[in-house]
Amino acid sequence: MKTIIKNAKVITMNEARTIHEHSYVVIEDGVFTAIEHGEPAEEAAKGANVVNADKKWLMPGLINTHGHTGMSLFRGVSDDLPLSKWLAEHIWPLEQKLDQKAVEAARLLSMVEMIESGTTTFLEMYHLHLDDFAAAVEEAGMRATLMRSVIGLCSKEEQEEKLAESLGFARRWHKQANGRIQTMLAPHAPYTCPPDYIERIVEAARQEGLPVHMHLAETRKEIHDYMDEYGMHPVELLQERDLLSGTEWLFAHGVHMHEQHYELLGAHQAAVSHNPKSNLKLGSGIAQVASMQKHGIVVSLGTDSVASNNALDLFEEMRTAVLLQRGINEQADIVTTWEGLNMATSNGAKALRFANLGTIEVGQQADFIMLNPEQAHLHPSSQAVSHLVFAAKGSDVTDVYVQGAPLMKDKQLLTLDKERILKEANEQLRRLQQ
């Protein structure tokens, strides 16, 4: 069915930075087929599902390029530890208790939170019950990049079993759910996967034509330990083994790198998912996003898990990312307002390698959100882009669509039972803690 959303302010995020006042969009077969000023003609609206946006702001859906939704029951666990202790002493022991029901509850909780705060596409890097999750994503109507993350601190036989499991999942789900689900291969990190194992995974990814996602340079300790063992930074080892070229890389974090590392990643068209709030909470440091951009690295935004962030609100993440770069560099235009919004939308699509996504243009996938501008913090309302970056909240989102299908209308979730999901999440955590 043709859908027309009329009477909207449309923030396109196209290269021309066009904003259409009092406009309408037309959606057919999940794709935008028109973006026009004024009111749709009576003939064009005939037989269409016409939705009156009532002056809401319409923009591309937000894209979260790094996370672990399976960990969402651990929100608020151990707030005051660095990454290495936090993982070893709290998170990994808790993960040993996770079963199918607990992981399902965590992931459904995450999808509720993401939809309600305007995220339409997200990345899940985890190792438990992924086929179940892919089916849940398909049913909920979201768009996702999913992968079975692997840790290689085990025997060769176990390494190969984990890789085979990763490949099996990737083959089953890549470009499924009408193209809404894509997959990657995912060595967990250089400090949890020996170089030979990363090499084996990258080789498999090249053969399958899949991108690769990996944590990289998250903490200073991680880099010092790595250099003690291998005599070089992990980016340099990847380059030495020719693992950067011929591979579509998306790295998470990239906090502790230097100019030569940005240059290498930029030369190989790598993308980096910047996770500012998680990095701040764990005391890991601040990634040099401005330097990444200078070298042509595609920088997108991720939340990491709520265990290290406490929220999946990408509006918060976007604002934090822009303000941090201005503060640490003492330069107000080093990451512009527009670049901040771009990181949360079109750059996210590029980082996840989704084609025709991330802008409101004819031929693009109709993944979009609407916000209610009738909030005191969004007035005076003339500077929409500034407000979206520096003032908007996830709670301002009222409507969410993916491929033209509504997932939330007027703040009512349509594909997920929020009340049941919240109840189940609390019950599952209590069960794990017994």
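The largest nonpolar core of this predicted model contains 110 residues. Phe-74, Trp-249, Phe-251 and Phe-315 have the most contacts inside it. Helix α3, residues 100–116, gives the most to this core, with nine residues. In soluble globular proteins, nonpolar side chains tend to be buried together.

Four strands form an open sheet in the order β11-β12-β13-β14, and the pairing is parallel. β11 (212–216) and β14 (298–301) stand at the edges. Each has a single partner strand, so one side of each lacks a neighbour in the sheet. On average, neighbouring strands are turned by 25° against each other, direction ignored. Strand β13, residues 271–274, pairs with β14 over four bridges, in the parallel sense. His-274 stands opposite Leu-301 in β14.

Helix α6 covers residues 195–208. At 1.5 Å a residue, its 14 residues should span 20 Å; the end C-alpha atoms are 20 Å apart, which agrees. Its buried residues are Pro-195, Tyr-197, Ile-198, Ile-201, Val-202, Ala-204 and Ala-205. Just after α6, Gly-209 takes a positive phi of about 70°.

Confidence was examined last. The protein chain averages a pLDDT of 96, and 100% of the residues score at least 70. Among the elements, helix α2 (residues 83–95) has the lowest mean pLDDT, 85. Strand β6 (residues 62–64) has the highest, 99.

Note on methods. Residues are numbered from 1 along each chain as its sequence is written. This is a predicted model: local features need pLDDT of at least 70, side-chain atom pairs count only at pLDDT 80 or more; totals for chains, interfaces and linings use all residues. Side-chain values use heavy atoms; hydrogens and water are left out. A nonpolar core is a set of buried Ala, Val, Leu, Ile, Met, Phe, Trp, Tyr and Cys residues joined through side-chain atoms within 4.5 Å. Buried means under 20% relative accessible area, exposed over 50%, partly exposed in between (1.4 Å probe, protein chains only). Helices (H or I, at least four residues) and strands (E, at least two) are DSSP runs, numbered from the N terminus. The expected span of a helix is 1.5 Å times one less than its number of residues. pLDDT is the predictor's confidence in each residue, from 0 to 100. Two strands pair if DSSP finds at least two bridges between them. Axes are lines fitted to C-alpha atoms, for helices over the stretch in contact, and angles run from 0 to 180 degrees between N-to-C directions.
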